[in-house]
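Good morning. Please look at the model on the screen while I describe a few parts of it.

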Amino acid sequence: MERERKINSRRAIRHLWYIIAIMVVISVFYYLPAIGKQAGWTSLYNALNEFHDFWGVDVLGILYFAPVIYAAFALGLMPAIITTVMTLIIRLPYAIVTANYAEYLFKLVAFSIALGAIGAFVAMWRRSEQQSRQYHERLEEEVDRRIRDMQQVQDKLIRSEKLAAVGELASGVGHELRNPLNVIRNCAYLLKMSLPETNDAEAINTLAVLDNQIDIANKIVTDLLNFTRITPPSQVRVDIKNLINESLSWITVPPQVILKINIDGNSRPVRTDPEQISRVFANIISNAIQAMNAEGGELAIETGHDNDFVWVKFGDTGCGIPAWNLEKIFEPLFTTKPKGFGLGLSISKRLVEQNGGKIEVVSQAGQGSTFTVKLPLEKGS
Amino acid sequence: MSHGLTVLVADDNTDLLETFAQILQRSGFLVETAASGVSAIDKCQKRRFDVALMDIVMPGMNGVEASRKIKEMHPGLVIILMTGYSDEALLKTARDEGVQYIVHKPIKIDRLIELIHKAAGNRSVLLIDDDGDINEALEEPSPINNRSHHDS
């Protein structure tokens with residue numbers, strides 16, 4: 001704001017100098033015949049003086065339109081009027097020295113009034129034109145903003161539709177896969193029942209392995225189903241520190257990853273769904289660990305708050321995310337990992353957003369990534 | 001070995017239906033099978049069962065609807081519903097309709113047999129959460145089951 005005012009005042013001063021320069025030049029021309037006469041430059045006097053009364057019109061006086069209109073155009077109404085008054089003052093001595101000064105004075109005043117009126121008209125036209133341009137600019141900005149909003153809503157919709165489709169698919173796969181798993185389990189059981197009384201330890205063991213593998217396959221289905229099932233949040237008052245500790249308790253941190261936890265920086269409670277947000281934290285932590293798994297590194301977790309949000313930052317020194325992938329990481333089914341469905345971050349984003357929060361990421365390939373989860377502060381806390 | 005408990009098994013997956021029937025028969029139950037909800041109701045009209053083991057998702061009439069109709073005919077019949085994955089609303093309806101047991105596929109056979117014995121002999125204490133598996137149900141304290149004596 002301050003900067004804008006400075007720019008405006010610098011611009012006004014520049015225009016003022018231009019106006020003064022134009023006035024000086026015109027005034028020189030205006031008084032040149034009179035100066036010529038005094039100095040005895042008859043030819044100059046003869047050449048120019050008739051412009052003061054060219055078919056009854058003072059053509060040199062008309063030149064004063066230039067600074068007035070310039071002032072009206074560049075600076076507005078008041079400067080235009082002031083310039084008009086200045087032209088009147090500058091031309092007064094000429095009127096006084098003229099023989100028929102009474103008539104000339106009348107003409108001068110009338111001319112100046114007309115000049116002032118035209119200046120005022122130009123200034124007002126210019127102002128209305130500026131206002132209309134500003135209005136159009138504001139309108140364009142508003143339209144751009146609305147388009148951007150709509151784009152965001154549409155992106156969100158596409159994301160959630162994609163998620164819903166994945167959920168539906170998972171549900172279908174879950175149902176379809178569990179039937180054959182059950183048949184295999186039944187067959188294994190029947191085989192075990194049919195084994196001779198002597199009991200073949202190897203065969204029994206093999207059937208147990210088969211049964212165990214059915215449990216593993218079923219766990220994959222269950223994880224996928226649980227992962228894609230998003231329920232409305234049931235928000236309670238929670239301490240964010242507890243949620244982080246709980247998420248950490250679910251994850252095995254390999255020895256090559258060093259945890260640096262500084263989560264005492266915030267003591268403001270939030271109202272959120274603890275189960276959903278713990279899932280989000282666990283997902284981000286586990287991603288960070290995977291990003292550092294090969295060469296090891298450091299995962300720093302810290303908390304804090306501003307006026308509206310409590311934030312949790314997860315900064316890793318892992319492989320980072322290339323710029324061209326940064327926008328895609330929250331898309332369902334986008335993954336760069338050899339294993340995984342590409343659902344973790346898209347679900348995390350949805351969970352955080354449905355709890356009124358935001359999830360942000362800053363990353364540099366080869367340097368690491370920092371994910372920030374922001375949750376709204378409990379009102380009145 | 002025979003303990004005379006009659007079990008109706010209903011599932012639209014023939015392989016699953018047959019293998020369940022074989023296992024339960026070998027374990028001493030008297031088993032009848034039905035490949036759909038409608039067929040299960042028909043069987044129940046013809047004779048009385050101690051326990052009905054029914055899949056939820058079946059073409060035509062689903063297990064929840066079929067179990068409601070069967071309950072109308074035989075209020076005392078114990079119904080165990082099997083599910084691969086069903087939505088919460090359907091499971092809630094099933095519980096509201098008086099279905100006492102909902103078990104998740106792939107079902108552990110030993111525990112299923114144990115559950116059938118327990119359910120058939122203990123019709124008064126019958127409550128299981130759909131999130132828990134049969135294991136949890138069996139861990140609940142229950143009255144003595146006089147009719148249970150199977151081995152597997």
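Predicted model: local features only at pLDDT ≥ 70, side-chain atom pairs only at ≥ 80, totals over all residues.

What is the order of the five strands in the open sheet of chain A? The order is β2-β4-β5-β7-β6, and the pairing is mixed. Strands here are DSSP runs of E with at least two residues, helices are runs of H or I with at least four, and both are numbered from the N terminus. Two strands pair if DSSP finds at least two bridges between them. The edge strands of chain A, β2 (257–262) and β6 (358–364), each pair on one side only.

Residues are numbered from 1 along each chain as its sequence is written, while chains are lettered from A and ligands numbered from 1 in the order in which they are written.

Within the sheet, strands β4 (residues 297–305) and β5 (residues 309–316) of chain A are antiparallel, joined over seven bridges. There, A:H305 has A:V310 in β5(A) as its bridge partner.

Next, consider A:L77, which lies in helix α5 (residues 77–97) of chain A. Is A:L77 buried or partly exposed? A:L77 is partly exposed because 18 other C-beta atoms lie within 10 Å; buried requires 20 or more, exposed 12 or fewer, and partly exposed falls in between, with C-beta atoms placed from the backbone. A:G119 is 42 residues from A:L77 in sequence, yet their C-alpha atoms are 7.2 Å apart.
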